[in-house]
There are 2 protein chains.
Amino acid sequence: MPVLVMKFGGTSVANLDRIRRAAKRVGVEVAKGYDVIVIVSAMSGKTNELVGWVGETSPLYDAREYDAVVSSGENVTAGLMALTLQEMDIPARSWQGWQVPLKTTSAHSQARIEEIPPENINAKFAEGMKVAVVAGFQGISPEGRITTLGRGGSDTTAVAFAAAFDAERCDIYTDVDGVYTTDPRICGKARKLDKIAFEEMLELASLGAKVLQTRSVELAMRYKVKLRVLSSFEEQSDEAGTLVCDEEEIMESNVVNGVAYSRDEAKLTVQSVADRPGIAATIFTTLSDAGVNVDMIVQDVSEDGRTDMTFSCPTDQVARAEKALLAIKEQGELNYAELLADKDVAKVSVVGIGMRSQSGVAAKMFKVLSGEGINIKVITTSEIKISVLIDRKYMELAVQALHDAFELEKAR
Amino acid sequence: MPVLVMKFGGTSVANLDRIRRAAKRVGVEVAKGYDVIVIVSAMSGKTNELVGWVGETSPLYDAREYDAVVSSGENVTAGLMALTLQEMDIPARSWQGWQVPLKTTSAHSQARIEEIPPENINAKFAEGMKVAVVAGFQGISPEGRITTLGRGGSDTTAVAFAAAFDAERCDIYTDVDGVYTTDPRICGKARKLDKIAFEEMLELASLGAKVLQTRSVELAMRYKVKLRVLSSFEEQSDEAGTLVCDEEEIMESNVVNGVAYSRDEAKLTVQSVADRPGIAATIFTTLSDAGVNVDMIVQDVSEDGRTDMTFSCPTDQVARAEKALLAIKEQGELNYAELLADKDVAKVSVVGIGMRSQSGVAAKMFKVLSGEGINIKVITTSEIKISVLIDRKYMELAVQALHDAFELEKAR
């Protein structure tokens, strides 16, 4: 039997009615002849509640206990989904991560999947089970303890299962009906894309478009898993949603296919550090050791042998960055004047695989922003993306202006 | 190190503050030099919520999925308790049933404990862990699926751990400060007992005194586990609560030590069945196969070769009993006139190991009830217990009158 993976996020299983609605979608695919692996998240709000309890109990918590607590929400949904399917006379059973087993590293609360042996579940498919309902987001460490994959890890679980079971497709059911050129909440002209290349989706995902977790897209790209994002709240055809696929499958593409943004960015400047080899390494090794995810980096022109080093990181890591940099200053490992943090910034990016073959995108972007009187603080580029850090208050304006300028409302 | 088992029920871990309070109690015992095994229930209300969801999803649910869902509440508490202890600088970790592993039968939702290999937890004690926090109520079947032990199963978990680890004592922390001669809510003169014999506790537990689960007392009796019931809401000394122990440890005892009651009883009468060998077997085998827990049985005097068979069972099993008996009537396996169900009854019992050596208790009980104008519908007795079924409206009156008559307000 061909295998299909279907993943339902928190809002798609938020209560018993929604679980029933999701189960009906599963029933449609079972009727087509698929063996289905359903990956479920916790009912929406549950994981946040559990995370809140852990944080309140122990601010610097033991990540192993965090995982043991936080993984429980998915177990509840998995059991309820299996029961709902059984009520529809569809042979189903639930699987917790350790039962599959979904083997991960020991990096608790952000474990990586190492292996998903398909034997246990395939044995049940061979016995007539039609649906394996798997609790998403969780696995088991080599030490036999429960691990979790980081927030949004159920998407990654789904793609990993699709790869391990050579599934025909991995359908991600969520509360939006696909991937848009930008966030429809801040740009009324946003348009749903029928197809998007893995690379583009990856940039959009890592830039804050919350439709799919970045790691799930990376994994899908690596294993060539066809990924479809679609709404669990609408009747669906086989062509619904957005297909995330190889760029070869997309005939023609706009130069820019999406405008992404992220409010969750802060800009930090280490003022007046010595401009000599090794200084950048000292700063960014320190930040990396402190668990700070540095994104953009800019080094100012040197003056009198000293320079400013500016970087961005998620807002909630600013305190950690400040603490780490102060520590090495006090230990005499780094000499700098001042550390300035600016949390009132936002990142806006344009993404498109067409950029590879067409120049002038950056110039056009900067012109559009300057035409709106928006000052650019930091710039980074990749092959298919240009990102700028700007004052947060201009974020919506920037997104709308760029969406217009690159004519994203028009289908390719 | 001597081992102590401490069990905290749902109200004792109902929120983070109560978990902290419970953890402080654990800290007191750790400071005395114990290696402690803490058994936790789900936060109060959680299990009921989960059971409700399962029932709403699937009225005749797959018990394996019920167990997978319902066991999750204890996992949350176990993790939070471990984190709380760690915050107090007490080395602790959580254990889910399958991690211990607590091995059970495959009888899902009412599994029995088969074995608790102490090696894994003892290895951690040897490494310096002071507290093993174990999720109560759950285990793992030979098939590798999660099982639960039936409602209140955390008491049984606690006693089983005390037996497996040869613990010095098993302390059951709950929302009452011990075992009373009867329910203080319906009899103001109820008195807390300092000690009670296993056998008496067993009768009280099975009669509806909800302090301890029956199976936990059976297990404690079999393995001679000293069991103490005490309140998690009061400062505790070593002598607090009620010790459940061998009757040899109790110097002198009243003839009657407790008056128990249960509202959750119904009386069923199978009218006019043939009075010949095998009829009782037919009726009660049928009921047993249907999962009806028959308690009291009375057979009327025969008349014209026919008789009435009366029995009691829990109220929520009446529908099941009716269905099963109707089925064998329709199949021609049993001929009877009418099946009458009376749900407006209650069971009241007096319990005391002193009854073994002193006669006249039954006579006194019946006299007291008749003196209050209470009609007895069914009677059963054991060596240390006399139970009667009466109209439910007289229940409180009967309990109070019996408590007075046997002078239970006076210490032995």
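**Entry 1. Salt bridges within chain A**

I started at Arg356(A), which counts as partly exposed at 36% relative accessibility. I note here that the model is a predicted one. Which residue pairs with Arg356(A) in a salt bridge? I found Glu247(A), with the closest N and O atoms 2.8 Å apart. Glu247(A) is also partly exposed, its relative accessibility being 23%. I then looked up where the two residues sit.

**Entry 2. Salt bridges within chain B**

I moved on to chain B and took Asp171(B). I found a salt bridge from Asp171(B) to Arg228(B), and the closest N and O atoms are 2.8 Å apart. Asp171(B) belongs to strand S9 (residues 169–174) and Arg228(B) to strand S11 (residues 227–231) of chain B, so I logged the pair as a link between distant parts of the chain, 57 residues apart. Are these two residues buried or exposed? Both Asp171(B) and Arg228(B) are buried.

The next pair I looked up was Lys347(B) and Glu265(B), whose side chains form a salt bridge at 3.8 Å, N to O. Lys347(B) is in strand S16 (residues 339–351) of chain B and Glu265(B) in strand S13 (residues 258–274), so the bridge ties together parts that are 82 residues apart in sequence. I checked the accessibility of each partner. Lys347(B) counts as buried at 6% relative accessibility. Glu265(B) is buried too, with a relative accessible area of 8%.

I also noted a network in chain A: Arg25(A), Glu29(A) and Lys32(A) are joined into one by salt bridges that share partners. Over all chains, the count comes to 50 salt bridges.

**Entry 3. The interface of chain A and chain B**

How many salt bridges cross the interface of chain A and chain B? I got 0 by the rule. Polar contacts do occur there: I have 8 residue pairs in polar contact between chain A and chain B, both residues of a pair being at pLDDT 80 or more. On the side of chain A that touches chain B, at least two residues each come from helix H1 (16–31), helix H2 (46–57), helix H3 (63–70), helix H4 (72–87) and strand S3 (92–95). H4(A) gives the most to this side, with 10 residues. Sorted by class, the side of chain A that touches chain B has 17 nonpolar, 11 polar and 9 charged residues.

I then looked up the extent of the contact. It takes 37 residues from chain A and 37 residues from chain B. The two chains bury about 3200 Å² between them, and 60% of this area is on carbon and sulfur atoms.

**Entry 4. How the copies are related**

I laid chain A on chain B and got an RMSD of 0.1 Å, with a turn of 180° and a shift of 0.0 Å along the axis. The two copies are thus related as by a two-fold rotation axis. Which C-alpha of chain A is nearest the axis? I found that of Ser72(A), at 2.7 Å from the axis. I also compared the two sides of the interface: 100% of the interface residues of chain A are interface residues in chain B as well, so the copies meet through the same surface.

**Entry 5. Asn75(A)**

I picked Asn75(A), which is found in helix H4 of chain A. Asn75(A) is buried, its relative accessible area being 5%. Which residues does Asn75(A) contact, leaving aside its neighbours within four places in sequence? In chain A I listed Gln96(A), Ala135(A) and Gln138(A), and in chain B Ala68(B) and Val69(B). I also took the separation from Asn15(A), which is 60 residues away along the chain; the C-alpha atoms of Asn75(A) and Asn15(A) are 14 Å apart.

**Entry 6. Ser216(A)**

Last, I looked up Ser216(A), which has its place in helix H8 (residues 214–223) of chain A. At 0% relative accessibility, Ser216(A) counts as buried. A polar atom of the Ser216(A) side chain lies 2.5 Å from the backbone oxygen of Gln213(A). Neighbours within four places in sequence left aside, Ser216(A) is in contact with Asp155(A), Thr156(A) and Val159(A).

Notes
Residues are numbered from 1 along each chain as its sequence is written. Chains are lettered from A and ligands numbered from 1 in the order in which they are written. This is a predicted model: local features need pLDDT of at least 70, side-chain atom pairs count only at pLDDT 80 or more; totals for chains, interfaces and linings use all residues. Side-chain values use heavy atoms; hydrogens and water are left out. Helices (H or I, at least four residues) and strands (E, at least two) are DSSP runs, numbered from the N terminus. Buried means under 20% relative accessible area, exposed over 50%, partly exposed in between (1.4 Å probe, protein chains only). A polar contact is a pair of N or O atoms within 3.5 Å; within protein, one must be able to donate a hydrogen and the other to accept it, and residues adjacent in sequence count only if both atoms are side-chain atoms. Contact means heavy atoms within 4.5 Å. Buried area is the accessible area (1.4 Å probe) that two parts lose on being put together, summed over both. A salt bridge is a side-chain nitrogen of Lys or Arg within 4 Å of a carboxyl oxygen of Asp or Glu. Ala, Val, Leu, Ile, Met, Phe, Trp, Tyr, Cys and Pro count as nonpolar, Asp, Glu, Lys and Arg as charged, and the others, Gly among them, as polar. Copies are superposed by least squares on the C-alpha atoms of residues with pLDDT of at least 70 in both.
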